[in-house]
Amino acid sequence: MQRIFQAIILLALTALIVFAAIGCQPAYADDIPTDAKSYQRTLIRTSHAFWGLDAPVATFAAQIHQESRWRASARSPVGAEGLAQFMPATSDWFAELYPSHLGERQPYNPGWAMRAMVLYDKWLHARIQAACPCEKWAMVLSAYNGGLGWVYRDKKLASSKGLDSLVWFDSVERVNAGRSAANWEENRGYPRRILLRWEPLYEMANWGPGVCP
(Lines give C-alpha, C1' and ligand atoms only; values in the text may rest on other atoms or scores of the structure.)
Protein backbone atom coordinates (compact mmCIF):
# COMPACT_ATOMS: atom_id res chain seq x y z
CA MET A 1 0.00 0.00 0.00
CA GLN A 2 2.81 2.38 0.90
CA ARG A 3 4.51 1.73 -2.46
CA ILE A 4 1.26 2.45 -4.30
CA PHE A 5 0.86 5.73 -2.41
CA GLN A 6 4.45 6.71 -3.20
CA ALA A 7 3.87 5.93 -6.88
CA ILE A 8 0.76 8.16 -6.94
CA ILE A 9 2.69 11.03 -5.37
CA LEU A 10 5.50 10.56 -7.91
CA LEU A 11 3.04 10.64 -10.81
CA ALA A 12 1.43 13.84 -9.47
CA LEU A 13 4.80 15.55 -9.15
CA THR A 14 5.74 14.43 -12.64
CA ALA A 15 2.51 15.90 -14.04
CA LEU A 16 3.23 19.24 -12.38
CA ILE A 17 6.72 19.29 -13.85
CA VAL A 18 5.36 18.51 -17.31
CA PHE A 19 2.77 21.29 -17.03
CA ALA A 20 5.51 23.76 -16.09
CA ALA A 21 7.80 22.61 -18.86
CA ILE A 22 5.27 22.91 -21.68
CA GLY A 23 3.53 26.02 -20.36
CA CYS A 24 0.09 24.46 -20.02
CA GLN A 25 -2.47 25.91 -17.64
CA PRO A 26 -3.59 23.47 -14.92
CA ALA A 27 -7.19 22.40 -14.52
CA TYR A 28 -8.18 25.18 -12.09
CA ALA A 29 -7.70 27.72 -14.90
CA ASP A 30 -10.89 26.31 -16.41
CA ASP A 31 -12.81 28.00 -13.58
CA ILE A 32 -11.72 31.44 -14.83
CA PRO A 33 -14.22 32.72 -17.42
CA THR A 34 -12.95 32.75 -20.98
CA ASP A 35 -13.75 36.46 -21.29
CA ALA A 36 -11.29 37.26 -18.50
CA LYS A 37 -8.25 36.46 -20.61
CA SER A 38 -8.97 39.25 -23.09
CA TYR A 39 -8.92 41.80 -20.26
CA GLN A 40 -5.93 40.46 -18.33
CA ARG A 41 -3.25 42.76 -19.76
CA THR A 42 -5.44 45.84 -19.45
CA LEU A 43 -6.20 45.05 -15.82
CA ILE A 44 -2.52 44.51 -15.04
CA ARG A 45 -1.54 47.81 -16.68
CA THR A 46 -4.33 49.68 -14.94
CA SER A 47 -3.51 48.17 -11.55
CA HIS A 48 0.18 49.05 -11.88
CA ALA A 49 -0.65 52.59 -13.00
CA PHE A 50 -2.61 53.37 -9.84
CA TRP A 51 -1.07 51.02 -7.26
CA GLY A 52 2.49 50.42 -8.43
CA LEU A 53 4.24 47.23 -9.49
CA ASP A 54 3.15 45.39 -6.34
CA ALA A 55 -0.53 46.01 -7.10
CA PRO A 56 -2.86 43.22 -5.92
CA VAL A 57 -3.94 42.25 -9.43
CA ALA A 58 -5.39 38.91 -8.31
CA THR A 59 -7.63 40.76 -5.86
CA PHE A 60 -8.94 43.10 -8.56
CA ALA A 61 -9.50 40.16 -10.91
CA ALA A 62 -11.37 38.32 -8.16
CA GLN A 63 -13.54 41.37 -7.57
CA ILE A 64 -14.52 41.60 -11.23
CA HIS A 65 -15.18 37.86 -11.22
CA GLN A 66 -17.58 38.31 -8.32
CA GLU A 67 -19.23 41.40 -9.73
CA SER A 68 -19.92 40.39 -13.32
CA ARG A 69 -18.10 37.16 -14.20
CA TRP A 70 -16.23 39.36 -16.70
CA ARG A 71 -19.33 40.21 -18.73
CA ALA A 72 -18.90 43.79 -19.96
CA SER A 73 -22.62 44.10 -20.75
CA ALA A 74 -23.79 42.88 -17.34
CA ARG A 75 -26.66 44.74 -15.70
CA SER A 76 -28.06 43.75 -12.32
CA PRO A 77 -31.78 43.80 -11.40
CA VAL A 78 -31.15 46.93 -9.31
CA GLY A 79 -29.35 48.76 -12.13
CA ALA A 80 -25.63 48.14 -11.49
CA GLU A 81 -23.73 48.31 -14.77
CA GLY A 82 -20.76 46.75 -16.56
CA LEU A 83 -17.72 44.73 -15.48
CA ALA A 84 -17.41 46.52 -12.14
CA GLN A 85 -21.17 46.84 -11.52
CA PHE A 86 -21.21 50.53 -10.64
CA MET A 87 -24.56 52.05 -9.81
CA PRO A 88 -25.26 55.06 -12.10
CA ALA A 89 -25.18 57.58 -9.24
CA THR A 90 -21.85 56.22 -7.99
CA SER A 91 -20.22 56.23 -11.41
CA ASP A 92 -21.45 59.78 -12.07
CA TRP A 93 -20.06 61.02 -8.77
CA PHE A 94 -16.74 59.22 -9.13
CA ALA A 95 -16.20 60.30 -12.73
CA GLU A 96 -16.65 63.90 -11.60
CA LEU A 97 -14.19 63.33 -8.76
CA TYR A 98 -11.44 62.10 -11.12
CA PRO A 99 -12.14 63.73 -14.51
CA SER A 100 -8.53 63.47 -15.72
CA HIS A 101 -8.49 59.70 -15.19
CA LEU A 102 -12.07 58.83 -16.07
CA GLY A 103 -13.78 61.56 -18.07
CA GLU A 104 -17.51 60.98 -18.52
CA ARG A 105 -18.84 57.77 -17.06
CA GLN A 106 -18.75 54.77 -19.39
CA PRO A 107 -19.64 51.76 -17.22
CA TYR A 108 -20.06 49.42 -20.21
CA ASN A 109 -16.61 50.29 -21.53
CA PRO A 110 -14.33 47.60 -20.01
CA GLY A 111 -11.28 49.87 -19.87
CA TRP A 112 -13.24 52.60 -18.10
CA ALA A 113 -14.86 50.12 -15.71
CA MET A 114 -11.50 48.65 -14.68
CA ARG A 115 -9.94 52.09 -14.17
CA ALA A 116 -12.91 53.24 -12.11
CA MET A 117 -12.95 50.11 -9.95
CA VAL A 118 -9.21 50.11 -9.27
CA LEU A 119 -9.24 53.83 -8.50
CA TYR A 120 -12.36 53.58 -6.30
CA ASP A 121 -10.76 50.75 -4.34
CA LYS A 122 -7.74 53.01 -3.80
CA TRP A 123 -9.99 55.85 -2.63
CA LEU A 124 -11.65 53.53 -0.11
CA HIS A 125 -8.33 51.98 0.92
CA ALA A 126 -6.98 55.41 1.95
CA ARG A 127 -9.96 55.95 4.26
CA ILE A 128 -9.94 52.70 6.21
CA GLN A 129 -7.68 51.61 9.06
CA ALA A 130 -7.14 47.93 9.81
CA ALA A 131 -4.72 45.55 11.50
CA CYS A 132 -3.18 44.13 8.30
CA PRO A 133 -3.65 44.22 4.50
CA CYS A 134 -6.03 41.25 4.40
CA GLU A 135 -8.33 42.73 7.06
CA LYS A 136 -8.14 46.16 5.44
CA TRP A 137 -9.08 44.82 2.04
CA ALA A 138 -12.04 42.96 3.51
CA MET A 139 -13.30 46.33 4.77
CA VAL A 140 -12.53 47.99 1.44
CA LEU A 141 -14.62 45.38 -0.34
CA SER A 142 -17.44 45.68 2.18
CA ALA A 143 -17.42 49.43 1.55
CA TYR A 144 -17.38 48.93 -2.24
CA ASN A 145 -20.38 46.66 -1.96
CA GLY A 146 -22.44 48.55 0.59
CA GLY A 147 -20.96 51.96 1.29
CA LEU A 148 -18.10 53.37 3.35
CA GLY A 149 -20.46 54.86 5.92
CA TRP A 150 -21.72 51.40 6.86
CA VAL A 151 -18.16 50.19 7.45
CA TYR A 152 -17.54 53.12 9.79
CA ARG A 153 -20.76 52.38 11.69
CA ASP A 154 -19.97 48.67 11.88
CA LYS A 155 -16.47 49.39 13.21
CA LYS A 156 -17.88 51.71 15.87
CA LEU A 157 -20.47 49.15 16.93
CA ALA A 158 -17.87 46.38 17.04
CA SER A 159 -15.68 48.49 19.30
CA SER A 160 -18.61 49.18 21.65
CA LYS A 161 -19.15 45.43 21.97
CA GLY A 162 -15.52 44.77 22.89
CA LEU A 163 -14.54 43.50 19.44
CA ASP A 164 -11.44 44.63 17.57
CA SER A 165 -12.48 47.39 15.16
CA LEU A 166 -9.25 46.88 13.18
CA VAL A 167 -10.12 43.27 12.35
CA TRP A 168 -12.85 42.35 9.88
CA PHE A 169 -13.00 38.56 9.86
CA ASP A 170 -14.86 37.17 12.88
CA SER A 171 -14.88 40.64 14.45
CA VAL A 172 -16.38 43.64 12.63
CA GLU A 173 -18.13 41.33 10.17
CA ARG A 174 -20.13 39.84 13.06
CA VAL A 175 -22.05 43.03 13.89
CA ASN A 176 -24.87 44.81 12.06
CA ALA A 177 -25.22 48.55 12.54
CA GLY A 178 -28.68 48.61 10.99
CA ARG A 179 -28.82 47.03 7.54
CA SER A 180 -31.66 44.75 6.52
CA ALA A 181 -30.95 41.07 7.12
CA ALA A 182 -30.69 40.39 3.36
CA ASN A 183 -28.30 43.30 2.70
CA TRP A 184 -26.19 42.42 5.72
CA GLU A 185 -25.86 38.78 4.68
CA GLU A 186 -24.98 39.70 1.09
CA ASN A 187 -22.41 42.24 2.24
CA ARG A 188 -20.72 39.79 4.60
CA GLY A 189 -20.40 37.19 1.89
CA TYR A 190 -18.89 39.64 -0.61
CA PRO A 191 -15.37 40.00 0.91
CA ARG A 192 -15.19 36.32 1.78
CA ARG A 193 -15.99 35.16 -1.75
CA ILE A 194 -13.51 37.55 -3.32
CA LEU A 195 -10.60 37.12 -0.91
CA LEU A 196 -10.97 33.49 0.14
CA ARG A 197 -12.48 31.87 -2.95
CA TRP A 198 -11.69 33.81 -6.14
CA GLU A 199 -8.42 35.56 -5.27
CA PRO A 200 -6.46 32.27 -4.85
CA LEU A 201 -7.80 31.14 -8.22
CA TYR A 202 -6.25 34.12 -10.00
CA GLU A 203 -3.04 33.92 -7.98
CA MET A 204 -2.56 30.29 -9.02
CA ALA A 205 -3.22 31.28 -12.64
CA ASN A 206 -0.34 33.80 -12.38
CA TRP A 207 -2.36 36.99 -12.74
CA GLY A 208 -0.36 38.60 -9.93
CA PRO A 209 -0.39 38.85 -6.15
CA GLY A 210 -3.38 38.99 -3.85
CA VAL A 211 -3.73 40.47 -0.39
CA CYS A 212 -4.71 37.51 1.78
CA PRO A 213 -2.39 34.56 2.54
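The model is a predicted one, so local features need pLDDT of at least 70 and side-chain atom pairs count only at pLDDT 80 or more, while totals for chains, interfaces and linings use all residues. Residues are numbered from 1 along each chain as its sequence is written, and side-chain values use heavy atoms, with hydrogens and water left out. In short, the chain has nine helices and zero strands, one disulfide and eight salt bridges.

**Fold and burial**

- Along the sequence the pattern reads α-α-α-α-α-α-α-α-α, where helices (H or I, at least four residues) and strands (E, at least two) are DSSP runs numbered from the N terminus.
- Of the 213 residues in the chain, 44% count as buried; buried means under 20% relative accessible area, exposed over 50%, and partly exposed in between, with a 1.4 Å probe and protein chains only.
- Take the contacts in the chain with a separation of 6 or more: residues 24 or more positions apart account for 58% of them, a contact being heavy atoms within 4.5 Å.

**Nonpolar core**

- The largest nonpolar core has 57 residues; such a core is a set of buried Ala, Val, Leu, Ile, Met, Phe, Trp, Tyr and Cys residues joined through side-chain atoms within 4.5 Å.
- Leu 43, Trp 70, Leu 195, Tyr 202 and Trp 207 have the most contacts inside this core.
- Elements giving two or more residues to this core are α2 (34-51), α3, α4 (88-97), α6 (110-125), α7, α8 (148-160) and α9.
- Helix α6 gives the most to this core, with ten residues.
- Not counting residues up to four places away in sequence, Trp 207 touches a list of residues that includes Ile 32, Leu 43, Val 57, Trp 70 and Tyr 202.

**Cysteines**

- Cys 134 and Cys 212 form a disulfide with an S to S distance of 1.9 Å; the cut-off is a pair of cysteine sulfur atoms within 2.5 Å.
- The torsion about the S-S bond of Cys 134 and Cys 212 is about 95°, so the disulfide is right-handed.
- Cys 134 is buried at a relative accessible area of 12%, and Cys 212 is buried at 7%.
- Cys 132 is in no disulfide, and the nearest cysteine sulfur, that of Cys 134, is 5.6 Å away.
- Cys 132 is partly exposed, with a relative accessible area of 33%.

**Salt bridges**

- Asp 92 and Arg 105 meet in a salt bridge at 3.0 Å, N to O; the rule asks for a side-chain nitrogen of Lys or Arg within 4 Å of a carboxyl oxygen of Asp or Glu.
- Asp 92 lies in helix α4 and Arg 105 in the loop between α5 (99-102) and α6, so the pair ties together parts that are 13 residues apart in sequence.
- Arg 188 and Asp 154 also form a salt bridge, at 3.0 Å, N to O.
- That pair links distant parts of the chain, with Arg 188 in helix α9 and Asp 154 in helix α8, 34 residues apart, and both residues are buried.
- Arg 192 forms a salt bridge with Glu 173, the closest N and O atoms being 2.6 Å apart.
- Arg 192 sits in helix α9 and Glu 173 in the loop between α8 and α9, 19 residues apart.
- Arg 192 counts as partly exposed at 30% relative accessibility, whereas Glu 173 is buried at 7%.
- Salt bridges that share partners join Arg 75, Glu 81, Asp 92 and Arg 105 into one network.

**Glu 67**

- Glu 67 is found in helix α3 (residues 57-68).
- Glu 67 is buried yet has no salt bridge, and the nearest side chain of opposite charge, Arg 69, is 8.6 Å away; Lys and Arg count as positive and Asp and Glu as negative, with His and the chain ends not counted.
- The side chains of Glu 67 and Tyr 190 are joined by a polar contact of 2.5 Å, a polar contact being a pair of N or O atoms within 3.5 Å; within protein, one must be able to donate a hydrogen and the other to accept it, and residues adjacent in sequence count only if both atoms are side-chain atoms.

**Gly 146**

- Gly 146 lies in helix α7 (residues 133-146) and is partly exposed, with a relative accessible area of 29%.
- Leaving aside neighbours within four places in sequence, Gly 146 is in contact with Arg 179 and Asn 187.
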